[in-house]
Amino acid sequence: MLSYKNNQLFVDSVPVSILANKTDTPFYLYSKNKLSEKYNEINNAFSKVNHIICYATKANENVYLLKILAKKGCGCDIVSIGELNLALKAGINPKKIVFAGVGKRDDEIKLAIKSGILMFNIESIPELYRIDKIAKALNKIARIAFRVNPDIDAKTHPHITTGLSHNKFGLCFDEAFDGYILAKSLKNIEIAGIHTHIGSQITDIDSFILASKKMSSYISKLKSAGIKLKYIDMGGGLGIKYKDEKVINPVDYADAILKYLPGNYTIILEPGRFLVAETGVLITKVIYVKKTAKKNFLVVDAGMNDLVRPAIYGAYHEIIPVKWKNGKKHNWDVVGPICESSDVFAKDRSMPLASEGDYLAILCAGAYGYSMSSNYNMRPRPAEIIVEDNKYKVIRDKEKL
Ligand code: LLP
């Protein structure tokens with residue numbers, strides 16, 4: 001989606017500088033083509049089996065992007081009433097919505113049952129009782145899966161690993177087994193499947209293989225106990241290349257998972273980052289070039305309130321100039337205007353000479369970018385713009401003061 005022509009950065013066919021000159025920075029810029037491409041890549045990788053791609057909505061909650069995915073037949077993995085509302089508004093088929101999260105509230109459960117979602121991915125026994133009770137009051141049957149925690153180290157950042165036994169997510173295999181037996185006896189519950197999600201930004205294929213092997217032997221154990229499932233939800237987590245990571249190709253991912261899982265089930269995948277990270281960039285302007293005895297700072301107009309990943313995970317995001325300048329490179333700290341020392345997008349990053357008013361593009365910002373943004377320091381959230389059919393379109397205005 002990104003290319004330089006005559007030293008000018010383009011997103012598909014749109015020159016970024018022309019757009020930036022007309023738009024208040026910072027702003028997120030997405031590519032519809034890229035989003036479609038990413039969806040097709042993962043969808044095609046699983047084409048051999050019955051499957052549903054349930055996009056992890058939390059990665060990017062722009063309704064326009066969701067509508068594009070809905071038209072392609074995509075489902076959603078949701079974690080709140082807000083995401084449920086959004087998915088339904090975007091036209092996502094409720095039969096393709098799965099609902100995870102350790103703290104589902106009564107109003108959330110109620111609306112999800114009424115909307116006829118595919119299944120609740122249950123994370124505790126009290127939650128099972130609560131869903132049964134609410135379904136009974138509504139005179140409905142709620143479809144469920146247990147989220148199992150397979151105790152696998154996905155070798156990712158500690159804040160985004162979820163499948164270890166000390167994490168708050170899911171139930172261990174034995175507890176989930178008791179849960180399934182109990183669920184069988186509850187009148188307003190229908191057992192539909194099983195779920196796991198071992199973490200995010202995973203680049204180690206062995207973690208997925210291990211998860212599939214563990215799920216597979218567990219599913220046989222359930223079968224022997226008379227628990228029949230229709231859906232195996234393997235969660236999300238497929239990593240992308242932010243810097244120099246060796247990433248898993250979706251075809252290898254599908255092969256690795258499908259090799260061990262039993263046949264005759266519908267496989268659910270919940271990719272978030274994989275679908276949207278590379279679909280978006282954050283465009284920002286250099287406000288000041290500040291040179292001190294120790295450091296050269298580029299003070300930009302985007303802050304950690306707009307993109308918090310570097311500040312909270314120490315995450316690396318590539319930064320490139322919107323207008324390429326040849327010549328000697330310099331080391332820069334790219335920092336935002338927020339009153340926190342962690343408001344830093346890059347440290348000692350080698351980039352061409354930059355001056356006041358230059359635009360920069362922070363890459364791979366489409367996932368967990370806008371969706372984790374805030375108004376910290378009383379800053380309005382940025383606009384979101386998409387490039388589609390050789391044109392650009394504002395899909396969310398910048399917030400007003
Ligand atoms: N399914 C469940 C149940 C999840 O909790 C998540 C992400 C996903 C799917 C999607 O995972 P993905 O395919 O995007 O890796 N804010 C962090 C990532 C947090 C992920 C939370 N759960 C970041 O910026 O790296």
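This is a predicted model: local features need pLDDT of at least 70, side-chain atom pairs count only at pLDDT 80 or more; totals for chains, interfaces and linings use all residues.

1. First, a term: a polar contact here is a pair of N or O atoms within 3.5 Å.

2. Y368 puts a polar side-chain atom 2.6 Å from a ligand oxygen, and D77 has a side-chain N or O atom 3.2 Å from a ligand nitrogen.

3. Zooming out a bit, the ligand is surrounded by 18 residues. The closest are S200, E270, R309, Y313 and Y368.

4. Now the largest pocket, which comes out at a volume of about 690 Å³. It is lined by 31 residues, and those closest to its centre are K58, T162, F169, H197 and Y368. The elements giving two or more residues to this lining are helix 10 (273-276) and helix 11 (309-313). Sorted by class, the lining holds 13 nonpolar, 11 polar and seven charged residues.

5. How many disulfides are there? The count is zero. Take C76: the nearest cysteine sulfur belongs to C74 and sits 6.1 Å away, whereas a disulfide needs the two sulfurs within 2.5 Å, so C76 is in no disulfide.

6. Are C76 and C339 buried or exposed? C76 is buried, as its relative accessible area is 0%. C339 is exposed, at 66% relative accessible area.

Terms used. Residues are numbered from 1 along each chain as its sequence is written. Side-chain values use heavy atoms; hydrogens and water are left out. Buried means under 20% relative accessible area, exposed over 50%, partly exposed in between (1.4 Å probe, protein chains only). On a 1 Å grid over the protein atoms alone, a cavity is a set of points where a 1.4 Å probe fits but cannot get out, and a pocket is an open set with protein on both sides within 12 Å along at least five of seven lines; lining residues have an atom within 4 Å of a point. Grid points are joined across faces, edges and corners, and a volume is the space filled by probe spheres set on the points. Helices (H or I, at least four residues) and strands (E, at least two) are DSSP runs, numbered from the N terminus. Ala, Val, Leu, Ile, Met, Phe, Trp, Tyr, Cys and Pro count as nonpolar, Asp, Glu, Lys and Arg as charged, and the others, Gly among them, as polar. A residue is near a molecule or strand if one of its heavy atoms lies within 4 Å of it. A polar contact is a pair of N or O atoms within 3.5 Å; within protein, one must be able to donate a hydrogen and the other to accept it, and residues adjacent in sequence count only if both atoms are side-chain atoms.
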